[in-house]
Amino acid sequence: MQISENSTELTDKFMEVDHHVLNFLDSMDTYLILMDSLSSTLRQGWLELASARHSMGAARVSSTLFNLKSHHASTTLEIDDVDTNVEPPLFTLCKWVASDDSEMNNGDANRKDDELSPAKPETPRARDEEPQARRAESGASPVSPDGHVQQARSRLLSMFGTLVSPKLRATQTSFEKAMEMLVEISNVRASLLHAHNQVQKDVKAAK
Amino acid sequence: MANKPQIRTNSSALIAMIADEDTITGFLLAGVGNVDLRRKTNYLIVDSKTTVKQIEDAFKDFTAREDIAIVLISQYVANMIRFLVDSYNKPIPAILEIPSKDHPYDPAHDSVLSRVKYLFSSESVASDRR
């Protein structure tokens with residue numbers, strides 16, 4: 001009877017170890033696939049930026065035109081508060097958040113959550129929240145959320161002048177996509193390191 | 001209980017960048033750029049005139065800041081401060097090595113993959129690079 005219980009325990013233990021190893025290998029595979037996708041997206045972005053520079057002129061698309069006045073980032077991150085000994089941290093991207101608002105629920109927040117599923121390659125779970133319209137300070141009609149996002153995008157493009165090449169807009173879109181991939185990669189990276197730690201513990205326990 | 005790494009829960013954390021001009025330009029267009037009241041930016045443009053000391057200082061600064069969740073660094077720049085990048089092991093901010101225009105991504109040099117390679121090989125990564 002005791003031998004049977006012991007063998008059941010051992011089987012469960014081996015299954016747990018296998019689960020950890022599979023998690024680790026899946027995470028590594030997903031990480032490499034995402035890095036490859038990121039490389040493609042960035043290449044696209046660089047090509048579009050080069051085209052924009054070619055059509056607008058090198059002087060009009062240059063780092064000397066960057067806005068160095070105090071301003072908040074329009075695209076930020078949220079991190080879930082977790083105990084890293086138990087589970088990896090989770091990054092969430094918040095795109096085009098209204099920088100003037102102190103609360104996060106105003107403005108258009110496009111969020112992408114990425115939780116690692118060990119059984120299959122990771123695909124992002126996009127959660128589009130219906131944003132609330134901003135109240136105008138002067139009492140004029142409220143700005144629609146889509147309008148706010150377009151305004152934010154146009155504001156950033158205006159760094160390089162009032163009239164910009166469509167290629168520069170395409171560059172912006174490509175790098176937005178790259179940003180989403182990077183957040184996904186961050187989550188997969190965290191899962192990979194967490195799975196690696198678990199496998200290391202199992203190896204030490206086996207010795 | 002062993003000391004656990006502190007996780008900062010930020011309502012809006014930033015993404016820092018240490019990369020070439022084109023990569024920084026692209027990500028600034030995506031809305032990642034932040035300049036505080038002291039005119040400190042969350043990015044460093046690396047060109048031919050940037051010294052290794054400047055890159056090291058920027059890396060140390062970004063990884064010490066409470067308001068930064070991810071640090072993007074071009075892999076060829078990370079190679080210049082490889083010892084510093086590889087010795088960094090906190091979960092936040094996460095360090096992501098990205099390709100650049102002229103230097104494609106090389107998994108062999110990625111600090112995360114180097115760290116986990118030990119599971120597959122008994123040789124140290126450091127000795128491979130010498």
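Chain A and chain B bury about 4800 Å² between them, 70% of it on carbon and sulfur atoms; buried area is the accessible area (1.4 Å probe) that two parts lose on being put together, summed over both. Trp46(A), Ile79(A) and Arg189(A) supply 15% of the area that chain A buries against chain B, more than any other three residues. The model is predicted: local features need pLDDT of at least 70, side-chain atom pairs count only at pLDDT 80 or more, and totals for chains, interfaces and linings use all residues. Residues are numbered from 1 along each chain as its sequence is written, chains are lettered from A and ligands numbered from 1 in the order in which they are written, and side-chain values use heavy atoms, with hydrogens and water left out.

Across the interface, 58 residues of chain A are in contact with 54 residues of chain B, where contact means heavy atoms within 4.5 Å. One salt bridge is counted between the two chains, a salt bridge being a side-chain nitrogen of Lys or Arg within 4 Å of a carboxyl oxygen of Asp or Glu. Asp22(B) and Arg53(A) form this kind of pair through their side chains, at 3.0 Å from N to O. Helix α3(A) gives the most to the side of chain A that touches chain B, with 16 residues.

Chain A as a whole has three helices and four strands, which run α-β-β-β-β-α-α from the N terminus on. These helices (H or I, at least four residues) and strands (E, at least two) are DSSP runs, numbered from the N terminus. Helix α3(A) has 41 residues and reaches 59 Å from its first C-alpha to its last, close to the 60 Å expected at 1.5 Å a residue; the expected span is 1.5 Å times one less than the number of residues.

Salt bridges also occur within chains. Lys95(A) pairs with Glu180(A) in a salt bridge, with the closest N and O atoms 2.5 Å apart. Lys95(A) lies in strand β2 and Glu180(A) in helix α3 of chain A, so the pair ties together parts that are 85 residues apart in sequence. Both Lys95(A) and Glu180(A) are buried, that is, under 20% relative accessible area, with exposed meaning over 50% and partly exposed in between (1.4 Å probe, protein chains only). Lys95(A) and Glu180(A) also belong to a network of salt bridges with Arg153(A) and Glu176(A).

In chain B, the side chains of Arg82(B) and Glu97(B) form a salt bridge at 2.8 Å, N to O. Arg82(B) is in helix α4 and Glu97(B) in strand β4 of chain B, so this pair ties together parts 15 residues apart in sequence.
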